Amino acid sequence: MHKVTPLVADLLEFIAMDGCTDEQFDEMALRLFAHQFAANQPFQSFCRLRGVNVRSVKSWADIPAVPIDAFKALPLRCEAPADTDRIFMTSGTTRGGSTRGQHFHPLLDVYDLSMTRNFAQRFMRGTERMPMGILFPDEVAMPNSSLAHYLDLAKSAFGSNGASHTFVTPQGMDLDGLWAALAAAERSGEPYALLGASFSFVHVIDALRQQGRTFKLPPGSRILDTGGYKGQSRELPLDAFYSELSQALGVPRMHCTNMYGMTELSTQFYDDGNAVVPSVKSGPHWIRSRLVDPVTGRTVPAGERGILVHCDLANFNSVTTILTEDVGLDAEGGFLLLGRAEGVEAKGCSLAVEEFVRATAA
């Protein structure tokens, strides 16, 4: 069993704070960078190829961003493997690839605190517990899924006991059980929360339409979707998706929250509802983002779209700073998520992966 090191203890304290200054963020980012540079050999090789070392990094924005597909190329970890590690794996569905990225967690204390602190503020908004329905398999069925763990944690930490259930089993979605829970919520007048993968909600919308029924969940009810469609359902434009979701379940679009996260991060981003799309996404004080040109790695000029780079301090055992394949645009209070990189931008991301592999093979 891995013990909490002094660095991790300080990181837990940092996440538990109510906020931080730029200087405090940089101080923790640089401590983590020094640790990862020393203990994560592939990352150190990548940094050296870039001409970067501990002395040359002055702020979080100077930390080389590791391309997200590097998690598929080889293990990115600081601590030695142990039988107690939790390994979250990517779905392997993006860009048609079959190789699955792996994110190693020697302990889940940091991930869980990151999730619960952020979720309490952004989704629960002052409500301690409420009845919850989960539209995704649990982590017994999917032990390597970060989303399964995230949703199980949401249910156990914030769901009302006895009134919170998972409606997706290895046999499929329990629509009868879901309809019964939604009908009970309608009758009770108590706010209800429904959380799950975006594609699960499309199946719910389609099933309700086929049966010619809708629900009107009580005021204060809310919805959280995440993860897109991944070939698991028909795809819907964002505006149509939230309109149909709102009409089917009677939850205003302003109370339909989208969570943006990924296996390779330990922190999630949220919006404040989807009355207008695309919505502004933002994160807590322990994660920072910037937009870059994937070919040069430089921050793009203000007002221009670029590829999102996230510096997630909760990623203590892998690498804090990740080059995604997501296109974004700066917006007041956060960023707009514009979709996956295509064309030149996608090529730039691929070149970054090639550079990483070349560095680690040298």
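R125 is partly exposed, with a relative accessible area of 42%; on this scale buried means under 20%, exposed means over 50%, and partly exposed is what falls in between (1.4 Å probe, protein chains only). All of this comes from a predicted model, in which local features need pLDDT of at least 70 and side-chain atom pairs count only at pLDDT 80 or more, while totals for chains, interfaces and linings use all residues. Residues are numbered from 1 along each chain as its sequence is written, and side-chain values use heavy atoms, with hydrogens and water left out.

Back to R125, which sits in the loop between α5 and β4 (132-135). Helices (H or I, at least four residues) and strands (E, at least two) are DSSP runs, numbered from the N terminus. The phi of R125 is near 50 degrees, a positive value in a residue other than glycine. Most residues other than glycine have a negative phi, and most peptide bonds are trans. P278 belongs to the loop between β11 (269-270) and β12 (280-281).

Helix α5 itself (residues 109-124) isn't quite straight, with a bend of about 25 degrees at N118; the bend at a residue is the angle between axes fitted to the seven residues ending there and the seven starting there. The buried residues of α5 are V110, Y111, S114, M115, N118, F119, R122, F123 and M124. An α-helix has 3.6 residues a turn, so residues three or four places apart point the same way.

R122 counts as buried because its relative accessibility is 10%. Its side chain makes a polar contact of 3.4 Å with the side chain of D272 and another, at 3.0 Å, with the side chain of S282. A polar contact is a pair of N or O atoms within 3.5 Å; within protein, one must be able to donate a hydrogen and the other to accept it, and residues adjacent in sequence count only if both atoms are side-chain atoms. Leaving aside neighbours within four places in sequence, R122 is in contact (heavy atoms within 4.5 Å) with Y270, D271, D272, S282 and G283.

Next comes Q36, in helix α2 (residues 22-39). At 1% relative accessibility, Q36 counts as buried. Its side chain reaches the backbone oxygen of N315 at 2.8 Å. Not counting residues up to four places away in sequence, Q36 touches F43, C78, N315, F316, N317, S318, V319 and T320. Of these, F43 is also one of the buried residues of helix α3 (residues 41-49), along with P42, Q44, F46 and C47. Those buried α3 residues pack against α2, β1 (66-67) and α10. Just after α3, G51 takes a positive phi of about 75 degrees.

R288 is found in strand β13. A polar contact of 3.1 Å joins its side chain to that of D22. Besides D22, the contacts of R288 beyond four places in sequence include C20, T21, F25, W60 and V309.

And what about empty space? Rolling a probe the size of a water molecule over the atoms shows where empty space is left. On a 1 Å grid over the protein atoms alone, a cavity is a set of points where a 1.4 Å probe fits but cannot get out, and a pocket is an open set with protein on both sides within 12 Å along at least five of seven lines; lining residues have an atom within 4 Å of a point. Grid points are joined across faces, edges and corners, and a volume is the space filled by probe spheres set on the points.

The second largest pocket has a volume of about 340 Å³. Its lining has 22 residues, of which R50, A65, R290, T296 and G297 lie nearest its centre. Two or more lining residues come from each of β13 (287-292) and α10 (343-361), and α10 gives the most, with four. The lining divides into twelve nonpolar, four polar and six charged residues; Ala, Val, Leu, Ile, Met, Phe, Trp, Tyr, Cys and Pro count as nonpolar, Asp, Glu, Lys and Arg as charged, and the others, Gly among them, as polar. The largest cavity, with a volume of about 30 Å³, has N315, F316 and N317 among its lining residues.
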